[in-house]
Amino acid sequence: MKIVAQIKEPINIEMELFEKKFYESMTSKVALLNRITHYIVNRKGKQMRPMFVFLTAKLLNNGAVNERTYRGASVIELIHTATLVHDDVVDESNKRRGFFSINALWKNKIAVLVGDYLLSKGLLLSIDNNDFDLLKIISVAVREMSEGELLQIEKARRLDITEAIYYEIIRQKTATLIAACCSLGACSVKPDSEDIEVFRKFGEYCGMAFQIKDDLFDYGGAQIGKPTGIDIKEQKMTLPLIHVLNNCSKKDKKWVINSIKNHNKDKKRVKEVIAFVKDNGGLEYAVSKMLSFRDDALELLSRYPDSEYKKSLELMVNYVVERKK
């Protein structure tokens with residue numbers, strides 16, 4: 001059985017019902033909007049985020065979920081989808097998961113408006129049902145994601161990222177949304193409990209490990225074949241690179257920074273930077289940090305009694321660091 005199917009097994013029924021509710025939450029009186037949202041729904045990914053919501057809720061509530069859990073999962077997926085649509089506009093990206101992006105098919109103006117529509121749908125879903133505690137969790141996540149993206153853009157211009165700033169960027173940009181999923185799941189069944197904060201931290205650790213794994217893909221390896229060097233071309237400072245820059249000679253540092261700033265389109269030079277990072281222990285260091293975040297997440301889970309939901313969450317954490325793409 002594939003790992004994702006295994007993780008999903010204890011929440012299969014919830015996920016099926018969620019898909020119906022999620023599609024309903026997107027509907028509009030505007031035909032163009034419905035055509036676009038239909039396109040989005042039919043090209044969904046693995047839906048890891050709603051899975052985090054349902055597994056957390058069921059773990060804390062003896063295997064039961066409620067309408068708030070479904071709304072929490074829908075809100076997070078609406079917000080996540082809105083950010084992806086906006087990201088593709090910002091990155092001028094024409095593909096998403098192998099399909100054309102919204103901006104590629106319907107142009108930027110429509111893509112931005114669709115993103116805004118999905119965002120407002122998500123917020124209204126909480127407001128209309130008086131889920132103000134859920135709304136607060138999601139609003140904080142949206143604010144942090146925007147700040148994280150802007151911090152990364154600001155730092156990319158100057159290439160002066162320390163390890164601490166890197167963690168802050170990925171915490172806000174990536175981990176905060178997974179943290180929101182887990183705290184939404186907890187809050188939907190146990191409002192005002194300490195579990196909300198425990199699972200927020202759990203989600204944050206998962207998200208940190210997830211992003212470091214993504215950074216490692218840029219350096220290739222057995223799993224995905226040739227290194228891509230896309231992050232270097234885009235002047236994104238990732239953990240393997242930051243570690244090596246902080247621990248090499250002034251001369252080497254100058255060469256690497258010059259390569260990234262002025263020669264990032266030169267394939268040969270990018271390959272040399274990748275080789276330099278590998279030879280100087282950048283990948284091993286990033287892997288050790290990723291596994292440390294994974295262990296922190298598993299430690300938090302170990303405080304809870306065994307159940308199929310806990311087992312699925314453990315599988316999810318391990319999948320995050322072991323996935324091949």
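Which residues in helix 4 meet which residues in helix 5? Arg49, Pro50, Val53, Phe54 and Ala57 in helix 4 meet Thr69, Tyr70, Ala73, Ile76, Glu77 and His80 in helix 5, where contact means heavy atoms within 4.5 Å. By class, this contact has 7 nonpolar, 2 polar and 2 charged residues; Ala, Val, Leu, Ile, Met, Phe, Trp, Tyr, Cys and Pro count as nonpolar, Asp, Glu, Lys and Arg as charged, and the others, Gly among them, as polar.

This is a predicted model, in which local features need pLDDT of at least 70 and side-chain atom pairs count only at pLDDT 80 or more, while totals for chains, interfaces and linings use all residues. Residues are numbered from 1 along each chain as its sequence is written, and side-chain values use heavy atoms, without hydrogens and water.

The helices named here are DSSP runs (H or I, at least four residues), numbered from the N terminus.

| Helix | Residues |
|---|---|
| Helix 4 | residues 48–60 |
| Helix 5 | residues 67–90 |
| Helix 7 | residues 132–158 |

The axes of helix 4 and helix 5 come within 9 Å and cross at roughly 160°; axes are lines fitted to C-alpha atoms over the stretch in contact, with angles from 0 to 180 degrees between N-to-C directions. Helix 4 is therefore roughly antiparallel to helix 5 (over 145 degrees).

Notes:
Helices (H or I, at least four residues) and strands (E, at least two) are DSSP runs, numbered from the N terminus. Angles under 35 degrees count as roughly parallel, over 145 as roughly antiparallel, 65 to 115 as roughly perpendicular and the rest as oblique.
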